[in-house]
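Please keep the sequence and the coordinates at hand while reading.

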Amino acid sequence: MVAYLLRRLVGLIPVLLGISFLIFMLLRLIPGDPAIAILGERSNEEQRDAIREQLGLNKPLFFDLSGEGNVFDTQYFTFMGNILRGDLGTSVLRRTDISGELMTFFPATLELSLAALFIATFVGVTTGVISATSRGSIFDTASMGIALIGVSMPIFWLGLMLQYLFAVNMDVLPISQRVDADLIRGFDAITGLYTIDGLLLGRFDITTNALRHLILPSITLATVPLAIIARMTRSAMLEVLGQEYIRTAWAKGLRNQTVIMRHALKNALLPVITVIGLQLGLLLAGAILTETVFSWPGIGTWILHGILGRDYPVVQGGIMFVAFVFVIVNLVVDMFYAVLDPRIRY
Amino acid sequence: MRSKRLWTWMLSTTLVLFILAGCGGTTPAAPTEAPAAEPTAAAVEPTAAEEPTAAAEEPTAATEEEPVAEESDTSKFLVFGGSGEPDSLDSMNTTAGTALIVTRQLEEALINFAPGSLDLEPGLALSWEPNDNSTQWTFTLREGVKFHDGTDFNAEAVVFNYERLSDPEFEYGFRDEGNTFPIFPDIFGGFVGDENTIWESIEAVDEYTVVFNLTEPTPLFPNYVAAAYFGISSPQAIMDNGVKYGTPDVGGVGTGPFKFVEWNAGQNVILERNDEYWDDTARMPGVIFRFIDDAPQRLAELQAGAIDFTIHLSPDSRETIESDANLALTPLEPFNIAYLSMNINNPPFDDIRVRQAVAYAIDRQAILDGFYGGIGVIANSFLPEVMKWAEPDDIETFPYDPDKAKELLAEADYPDGFSTMTLPDGSEAPVELWYMPVSRPYYPTPQPVAEAFASYLADVGIQVELKTEDWGVYLDNWDAGTKYGLVMLGWTGDYGDPNNFLFTHFGPGNVAESGYDNQEVFDMLIAAGSANTQEDSAAMFQDAVRMITTDLPRLPIVHAPPVYAQSAALEGWIPSPTGGEPFTTVYIEK
């Protein structure tokens, strides 16, 4: 197991290197001049040259072949060198430390993703189990139909509709943001997850407020994974329910619920847990639409603004971080799987 | 049937969600209530209890001196829906409107604009006097004003700020670490040491008198100084924080009516009232500036009550706002220009008759009615209404007249119109009409407007191909003069000088996409900017405008105010045409 883990960790190196190269290239292929994005439409060429120099954007991309300076004194190697030293750089637009910004934006995405995953898992597994046990019933057909819609629904559309209905029309839920701004003025976050910080610091008003803010975006974000989890649970359950030991359990005269919950669900959940784990990675990396619709100050909107403002360090650092989290989450899920299923040995 | 417990499980989940949803919305105990419900819900009780005095509440303007607690809801911070995140809270080091609306609350310029206009009023400076030919300006400063950090505002502080801005060698400029002070060379022609700069020096004569020395007569100098870019910061804060001054870690430290509290990247900037403010203190305890990039999102947030006032909505949201009793449109003067540029270097646009034909072919009133909700005015020159003193009365106006357009085309040897143009390399290409990929107040909906232009032009026989590209590239190519045919663009002014509109478009170095390079116009604009009196200046500006209209390299389309809106309970907001007004007088009715 340890050997496997080490092998996997070494395997991450080429993956992350490849990602760093891709981000670096793609970012520079986007048309538009970062100097203009930073200085605005009214700047002149002299000012733009000055900012390019300050940001190192006048250096060659990969190798300095002019023979004048160090061959590796280039944009890519400077970027990689800094990352290896744990220095993600400074935001060009705000001049703040990127690692520090990550610590405020990442918890926002994490809180939203966990809430969404909680809803998706809870509702998805429940629906899947009911559908499987009442296969062919109206509930089964309807819920699987809804699941299909859930997978195919444009997230931003759903988000806007929920906003319009619950925040604008009925006025029962907040329309956007993580928490009311004046509530957390001067509030020192511990974990950055407001629901938890509120509990830790005894500020229950913040926890309640943050939970209310979480409802609409997490429902929006949950739709796709919910549908996937429901369908996955259903098929896994159906497979398990056809097994002989289930028939034995029933033959023993056990109660329905015991058979389903203890004997069938426990085994059917194994593949579902993998899916859930993978969904967490996807949610963390892919909450950008939901975050945009709900002005959620998460890592997705952060990177999006970095892209729009040609804030190269933010985009590079942000995507590297997300990619890193994604591969680590996947690794943890694989390891977790071995723990749950004694048959799996690495 | 078989899985009753599962059903219960699901139902309880739903129930929990609904309880959470309901929580706070109805319970008065919850301090976490969305701001949405507050103004309306909270307003009911006090007014019912105080019914007899309701009438006395009306003359709010006259009772400003009274304790504010009686009329305004002082429990909450104002929430402003800004159109994006500031890049810096150091006013001298930014040109972004999203930043200047915030810095205006923190750092004040020496001179203020009167509410809603470009008229100058004493601010940190009590008075200002030019010498005979306006090359030297003496400012007398207000005494007893303190910066938010407790240090004194005085002549020394003003000199520090302007030297930091103007002199690349200044010790605390931190230019090698990224400060650029981009607006200074735009307005003064260059930094200290640059050949074209009109800036010479600034000196402190005594504790409360400063003298600005300029190399050219500059009668409009006070108008420059009043621009939001020239907010005065605490020298101590700049020295202590270096290049970090103005960033989220530090914020801005000035003399303004509000003090910096925090800047939450990606979310908001929070300011609180400066209780030691030298003038009437702000009516509300603080302001939260939200960053909401998307105009429909700002409207939705306003409808939901999550923000109290907002700017730059799309023109079609006027109807939504007017039909909502909780919302109101905020009137303001247009201070911009939308134009259609014609590259005069590529035929057939090199022929003035063709350019005039384009002008007569387009029904600008219909464009104004159709795409701006009829709010705004047709532009006869680049100068908006508030600068009409610099526009000649007898200016040629090009009313909609397709027949005249056809006549002019026939005279120019295009009796049936045309569909191609000649590029600099001599090749023929279809006539292009470039529209912006982004919405700006002057062109809130560029594509449909471009389509309308195209259809008007087609009516007189000019066939165009609509084109657009990434905004950054669009501007690059515009600057480089490599856009051909017809190009849409616009401008929003930032200070009360006609050259802010004219020199920016017709001065040397601003030839760009039109290819219009007229030395006579350059000279007139420079002379007008440095005339000894405003009357002389007006006459020269008028001559320049006349000549530009005769040559018509860019067709002015409209001056259209951006759509601003507010909650109906909000009072006292008078937006400045330049887009940076103090929120001192703004309050929410209880």
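In chain A, the centres of domain 1 and domain 2, taken over C-alpha atoms, are separated by 34 Å. The assignment gives residues 2-84 to domain 1 and residues 105-340 to domain 2 of chain A; such bounds come from an automatic or database domain assignment. The contact between them takes 15 residues from domain 1 of chain A and 12 residues from domain 2 of chain A, where two residues are in contact if their C-beta atoms, placed from the backbone, lie within 7 Å. On the domain 1 side, α1 (2-29), α2 (34-39) and α4 (75-84) of chain A each supply at least two residues. The largest share of that side, 10 residues, comes from α1(A).

This is a predicted model, in which local features need pLDDT of at least 70 and side-chain atom pairs count only at pLDDT 80 or more, while totals for chains, interfaces and linings use all residues. Residues are numbered from 1 along each chain as its sequence is written, and chains are lettered from A and ligands numbered from 1 in the order in which they are written.

Chain A has 14 helices and 0 strands. Helices (H or I, at least four residues) and strands (E, at least two) are DSSP runs, numbered from the N terminus. The C-alpha atoms of chain A fill a box of roughly 85 × 55 × 40 Å along the principal axes. Of its 346 residues, 42% count as buried. A residue is buried if 20 or more other C-beta atoms lie within 10 Å of its own, exposed if 12 or fewer, and partly exposed in between, with C-beta atoms placed from the backbone. Of the contacts in chain A with a separation of 6 or more, 69% are between residues 24 or more positions apart.

One residue of helix α1 of chain A is A:F24. A:F24 has 21 C-beta neighbours inside 10 Å and therefore counts as buried. Leaving out residues up to four places away in sequence, A:F24 touches A:Y76, A:F79 and A:Q316. A:F24 and A:Y76 are 52 residues apart in sequence, yet their C-alpha atoms are 7.2 Å apart in space.

Helix α3 (residues 45-55) of chain A has A:Q47, A:I51 and A:L55 buried. Seen down the axis of α3(A), the buried residues fall within an arc of 65 degrees, so they line one face of the helix; the arc is that of the directions from the helix axis to the C-beta atoms. An α-helix has 3.6 residues a turn, so residues three or four places apart point the same way. A:E45 and A:E46, on the other side of α3(A), are exposed. Just after α3(A), A:G56 takes a positive phi of about 75 degrees.

Chain B comes to 17 helices and 23 strands. Of its 590 residues, 51% are buried.

An open sheet of 7 strands in chain B has the order β8-β9-β10-β1-β11-β21-β12, with mixed pairing; two strands pair if DSSP finds at least two bridges between them. β8 (258-264) and β12 (327-330) of chain B stand at the edges with a single partner strand each, so one side of each is left without a neighbour in the sheet. The twist averages 20 degrees from one strand to the next. Angles run from 0 to 180 degrees between N-to-C directions, and axes are lines fitted to C-alpha atoms, for helices over the stretch in contact. Within this sheet, β11 (residues 309-313) and β21 (residues 563-567) of chain B run antiparallel and are joined by 3 bridges. B:T310 has B:A565 as its bridge partner in β21(B). Helix α8 (residues 295-303) of chain B lies across β1 (78-82), β11, β12 and β21, at about 150 degrees to β11(B).

Another open sheet of chain B has 6 strands in the order β14-β20-β13-β19-β17-β18, and its pairing is mixed. Its edges are β14 (377-378) and β18 (465-467) of chain B, each with a single partner strand, so one side of each is left without a neighbour in the sheet. Strands β13 (residues 336-342) and β19 (residues 486-492) of chain B pair in the antiparallel sense over 7 bridges. Helix α11 (residues 364-371) of chain B lies across β14 and β20 (554-559), at about 40 degrees to β20(B).

The largest nonpolar core has 237 residues, of which B:V287 and B:A544 touch the most other members. A nonpolar core is a set of buried Ala, Val, Leu, Ile, Met, Phe, Trp, Tyr and Cys residues joined through C-beta atoms within 7 Å. Helix α9 (residues 204-241) of chain A gives the largest share of this core, 19 residues. Domain 1 and domain 2 of chain A both give residues to this core, so it lies between them.
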